[in-house]
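Work through the exercises below with the model open beside you. Try each task before you read its solution.

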Amino acid sequence: MLRTFEMHQIRKTMELSGKLWDFTPLEGEQAGETMKVMVPSCLETYPGFGNYRGFVSYETVFEAQGNIRLECKGVSHYARVYVDGKEEAEHYGSYTPFAVCVKNLAAGQHSLKILVDNAFRDEYALDFPNDYMSYGGISRGVMLEQVGNVYIEWVHVTPRQENNGDWTARAEVSCHNLTETTQKVKLRVKLANSEMVSGEIILMPGENRYTFEDLQAKNVTPWSMATPALYQVQVTLEQNGIVVDDLIDRTGFRMVRLDGRQVLLNGKPLRIKGFCRHEDHPQYGCALPREAIAYDLQLIKDLGANSVRTSHYPNDELFLDMCDELGILVWEENHARGIDGERMKSPCFEEQCEQVIREMITAHYNHPSIYIWGILNECGSETEYERSCYRAQFELIRRLDSSRVCSAASCRFGTDICQDLPDVCSWNIYPYWYDEDTATQKIDKLHKWLESDGKGAGKPLLITEVGAGGIYGFRDTSSDVWSEDLQAEILEKQLKEIAASEDCMGMYIWQFCDVRVSRIWWALRRPKSRNNKGIVDEYRRPKMAYKVVREIFRSLPDYREQE
Ligand code: ADA
């Protein structure tokens with residue numbers, strides 16, 4: 001299972017991951033030598049491949065007949081897909097799913113080969129040596145689905161609370177017609193206690209959209225952090241009176257709204273107490289198994305946090321499913337960390353960012369836990385060209401999803417010219433670590449500047465990073481740099497000052513766990529080639545700061561006015 005629930009009762013599906021595949025490096029000393037590896041996984045975790053960059057191949061076989069839909073949930077970072085030796089698709093982008101349909105397969109066994117490239121190349125604008133590890137491989141699950149001539153690609157549910165308190169929902173459905181001729185179908189949607197059927201719909205060849213307005217969902221429990229109530233949405237597709245396909249997803253009844261300096265969840269002003277989290281583990285790379293994801297979330301809950309920022313890319317759907325179930329709010333962001341103006345000028349940059357946004361929102365639209373979309377963490381935001389990228393990406397987000405807010409985490413105090421564009425002004429600050437100022441002074445400066453020349457007047461202010469480094473096991477009574485003691489002392493001051501600020505709607509700690517960074521990245525500031533600002537180390541062992549954060553986070557309510 002690649003989700004925490006079954007997505008089909010009618011469509012036949014088979015997970016192709018969760019078993020051993022043939023892996024063959026195509027470059028380097030071991031080129032051509034095949035070995036068995038588990039998929040999903042990261043190739044840097046295989047013995048002898050810790051620093052491999054280049055093309056590799058992954059192969060398996062499957063049984064099928066007729067039309068198939070193959071979905072890869074994440075291949076890092078470039079993939080070329082071959083079925084029975086024929087190239088069927090290519091995709092760039094490590095952290096978003098893509099699917100390919102292959103028609104009319106003869107009954108029997110077929111081969112699937114995925115060529116993967118994890119090298120840093122000019123045409124991959126979003127991947128380069130960075131303050132985290134860009135792992136390679138088939139890092140998320142692969143699903144095989146048997147489809148007919150017509151099938152449902154996705155459903156997007158948008159809940160709305162009416163003035164009388166009742167909930168309604170809009171459900172937009174995307175269907176594909178794989179034939180060359182028109183097809184007559186009917187769609188049926190069931191959500192909570194309500195059901196609607198379309199009249200006869202004529203599907204043109206290719207993609208078709210159909211929208212159900214005003215599904216009445218009476219007596220539902222709204223989704224919140226304390227009560228994360230989830231409801232199943234089931235769409236079925238009928239042809240000649242027979243149900244030929246189905247799709248099951250989940251939604252939660254909640255609305256996210258801006259209100260002056262606050263972001264409201266079902267009318268209540270949120271207080272964010274969160275962690276930035278990389279998908280990273282010494283044993284698994286970014287391909288964390290479900291048990292490891294669940295454990296991270298268990299610690300995050302124990303720490304009293306109510307939110308996770310998926311820095312700096314869209315996350316595995318298993319993680320989002322669990323956040324939905326646990327009532328953990330998610331800031332989900334597109335894939336771009338610290339890309340400077342020069343690199344943003346790459347001819348592929350804007351197109352690749354927009355593709356990630358499109359794929360991320362299409363795939364993750366229904367997760368009630370996601371309250372905000374983030375883009376372009378600490379990227380160039382100082383020239384007219386850079387500003388045009390932010391504007392285009394925010395416009396795209398708002399076109400695809402007007403039911404959430406959006407933002408971008410910046411660090412360019414005084415020179416950023418984009419603060420009028422997002423709904424929320426988000427800032428990464430490091431008082432007592434990189435910055436001279438205290439947190440109170442920094443927030444005060446930020447606030448005054450945003451209200452005037454910074455052009456962020458009247459908007460919510462969110463601290464999207466705050467933290468300090470500490471090496472697990474290094475305890476030091478004089479609180480020297482890199483000691484757990486100093487990290488804990490700094491975090492205590494940072495969090496207390498931010499929590500006391502009237503101007504801030506909350507904070508995300510940088511970061512949940514220590515992570516591996518690219519080998520050449522800023523060597524002197526990254527002892528052990530790790531970004532050591534985790535509250536737990538890479539094996540999830542708590543540092544001294546754990547207790548401090550837990551106490552402060554647990555003392556702060558989830559809303560800025562208590563429920
Ligand atoms: C930035 C960046 C993070 C990380 C952090 C740090 O704010 O967004 O990815 O690099 O700094 O540890 O310095």
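The exercises that follow concern a predicted model.

**Exercise 1. The barrel**

Task: Find the closed barrel and state how many strands it has and how they pair.

Solution: 
- Step 1. The barrel runs 22-23-24-25-26-27-28-29, which makes eight strands.
- Step 2. Check the direction. The pairing is parallel.
- Step 3. Take the twist. From one strand to the next, the twist averages 25°.
- Step 4. Look at one pair. Strand 24 covers residues 329-333 and strand 25 covers residues 370-375. Four bridges join these two strands in the parallel sense.
- Step 5. Val330 has Ile370 of strand 25 as its bridge partner.
- Step 6. Helix 5, residues 384-400, lies across strand 25 and strand 26 (405-410). The helix runs at about 150° to strand 26.

**Exercise 2. A hairpin**

Task: Which residue takes a positive phi in the hairpin of strand 6 and strand 7?

Solution: 
- Step 1. Locate the strands. Strand 6 spans residues 78-83, and strand 7 spans residues 86-92.
- Step 2. Describe the pairing. The two strands are antiparallel and share six bridges.
- Step 3. Take one bridge. Arg80 partners Glu90 in strand 7.
- Step 4. Go to the turn. Two residues lie between the strands, and Asp84 has a positive phi near 50°.

**Exercise 3. Backbone exceptions**

Task: Locate the peptide bonds of Val39 with Pro40 and of Trp510 with Gln511; are they cis or trans?

Solution: 
- Step 1. Start with Val39 and Pro40. Their peptide bond is cis, with omega about 5°. Pro40 sits in the loop between strand 3 (35-39) and strand 4 (55-72).
- Step 2. Move to Trp510 and Gln511. They too are joined by a cis peptide bond, with omega about 10°. Gln511 belongs to the loop between strand 29 (504-509) and strand 30 (515-516).
- Step 3. Check phi at Asn104. The value is positive, near 55°, in a residue other than glycine. Asn104 is in strand 8, residues 98-117.

**Exercise 4. The ligand site**

Solution: 
- Step 1. Count the shell. There are 13 residues around the ligand.
- Step 2. Name those that come nearest. They are Asp131, Glu378, Tyr434, Glu465 and Lys533.
- Step 3. Sort the shell by class. It holds three nonpolar, four polar and six charged residues.
- Step 4. A polar side-chain atom of Asn377 lies 2.8 Å from one. For a polar side-chain atom of Tyr434 the distance is 2.6 Å. For Glu465 the corresponding distance is 2.4 Å.
- Step 5. On its own, the ligand has 320 Å² of accessible area, and the protein covers 97% of that.

Terms used. Residues numbered from 1 in each chain as written. Predicted model: local features only at pLDDT ≥ 70, side-chain atom pairs only at ≥ 80, totals over all residues. Heavy atoms only, no water. Pairing = 2+ DSSP bridges. Axes fitted to C-alpha atoms, helices over the stretch in contact; angles between N-to-C directions. Contact = heavy atoms within 4.5 Å. Near = heavy atom within 4 Å. Polar contact = N/O pair within 3.5 Å; in protein donor to acceptor, adjacent residues only side chain to side chain. Areas by Shrake-Rupley, 256 points an atom, 1.4 Å probe, with all protein chains shown as cover. Nonpolar A, V, L, I, M, F, W, Y, C, P; charged D, E, K, R; others polar.
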